[in-house]
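Notebook open, new structure on the screen. I'll jot down what I look up as I go.

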Amino acid sequence: MPTIRMHAVTTATPEQFLAGLTDFGPGRKQLFANSDDADLVLHEKGDTRADVTEGAGGVWERLHYDWSSPRRITMRTVDSNVWGGASGHTYTLSPRPDGTTAVDAVVVREGKNVKGKLIGLLLGSVGKGALTKAFANSVKAIEARDHTPRA
């Protein structure tokens, strides 16, 4: 079961990063490449949790988001066409003295069928670079979004 750990430092505050992570509106794909708007379903959203189905390229998962501790956001996979068991994501946001934020992300993938096991095998080896690049792009997109004045 692949576990991928990623790290970035961003100029976005923890609050800005959390706002990007939990924005389930149109245009989510611009922040997260693996979340097509056409595949996005917000089943329920509260003050510190959400139930969301998202995906892209024929791979989808239903995630239970929990940000009751706003510096540690968990996204537990509750259903998917390829992921099962212990799959999910955890983001830890740590403010730094220089005003930046350290973002640590952990992605766990447990394939529940042949397709999931194959994708998991690829993610744990050659695909890790693509996932790391997508993470870095998401961090940059959240920075750009939150540092642009809004009307």
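Which residue forms a salt bridge with Asp-23? I looked it up, and Arg-145 is the partner, with the closest N and O atoms 2.6 Å apart. For the record, a salt bridge here is a side-chain nitrogen of Lys or Arg within 4 Å of a carboxyl oxygen of Asp or Glu.

Before going on, a note on what I'm reading: this is a predicted model, where local features need pLDDT of at least 70, side-chain atom pairs count only at pLDDT 80 or more, and totals for chains, interfaces and linings use all residues. Residues are numbered from 1 along each chain as its sequence is written, and side-chain values use heavy atoms, with hydrogens and water left out.

**Entry: where that pair sits**

The Asp-23 and Arg-145 pair links distant parts of the chain, 122 residues apart. Asp-23 is in the loop between H1 and helix H2 (28-31), while Arg-145 is in helix H4 (residues 128-146). I take helices (H or I, at least four residues) and strands (E, at least two) as DSSP runs, numbered from the N terminus. Asp-23 has 29% relative accessibility, so it counts as partly exposed. My cut-offs: buried means under 20% relative accessible area, exposed over 50%, and partly exposed in between (1.4 Å probe, protein chains only).

**Entry: the sheet**

Next I traced the strands. I found an open sheet of 7 strands with antiparallel pairing, in the order E1-E7-E6-E5-E4-E3-E2. Strand E1 (3-10) and strand E2 (41-45) are the edge strands, each pairing on one side only. Two strands pair if DSSP finds at least two bridges between them. From one strand to the next, the twist averages 20 degrees. Angles run from 0 to 180 degrees between N-to-C directions, and axes are lines fitted to C-alpha atoms, for helices over the stretch in contact.

Then I checked what lies on the sheet. Helix H1 (residues 14-21) lies across strand E4 (59-69), E5, E6 and strand E7 (101-108). H1 runs at about 160 degrees to E6. Contact means heavy atoms within 4.5 Å.

I followed the bridges strand by strand. E3 and E4 pair in the antiparallel sense over 8 bridges, and Arg-49 stands opposite Asp-66 in E4. The hairpin of E3 and E4 has 2 residues between the strands, and Gly-57 takes a positive phi near 60 degrees there.

E4 and E5 also run antiparallel, joined by 7 bridges. They form a hairpin with 2 residues between them. Asp-66 turns up again here, with Thr-74 as its bridge partner in E5. Thr-74 in turn has Thr-90 in E6 as a bridge partner. Strand E5 (residues 72-80) and strand E6 (residues 88-95) are antiparallel too, with 5 bridges joining them.

**Entry: Leu-63, buried or exposed?**

Leu-63 lies in strand E4. It counts as buried because its relative accessible area is 2%. Leaving aside neighbours within four places in sequence, I see Leu-63 in contact with residues including Ala-50, Val-52, Met-75, Val-78 and His-89. Val-52 is 11 residues from Leu-63 along the chain, and their C-alpha atoms are separated by 5.3 Å.

How many salt bridges does the structure hold? I get 9. Side chains of opposite charge can pair when their charged atoms come close.

I looked up two more. Arg-62 and Asp-51 meet through their side chains at 2.5 Å, N to O. That pair links strand E4, where Arg-62 sits, to strand E3 (residues 49-56), where Asp-51 sits, 11 residues apart. Arg-62 is partly exposed at 28% relative accessibility, whereas Asp-51 is buried at 17%.

Arg-49 forms a salt bridge with Glu-44, the closest N and O atoms being 3.0 Å apart. Arg-49 is partly exposed at 37%, and Glu-44 is partly exposed at 40%.

**Entry: back to H4**

What does Ser-138 touch? Ser-138 lies in helix H4 and is buried, at 7% relative accessibility. Not counting residues up to four places away in sequence, Ser-138 touches Leu-31 and Phe-32.
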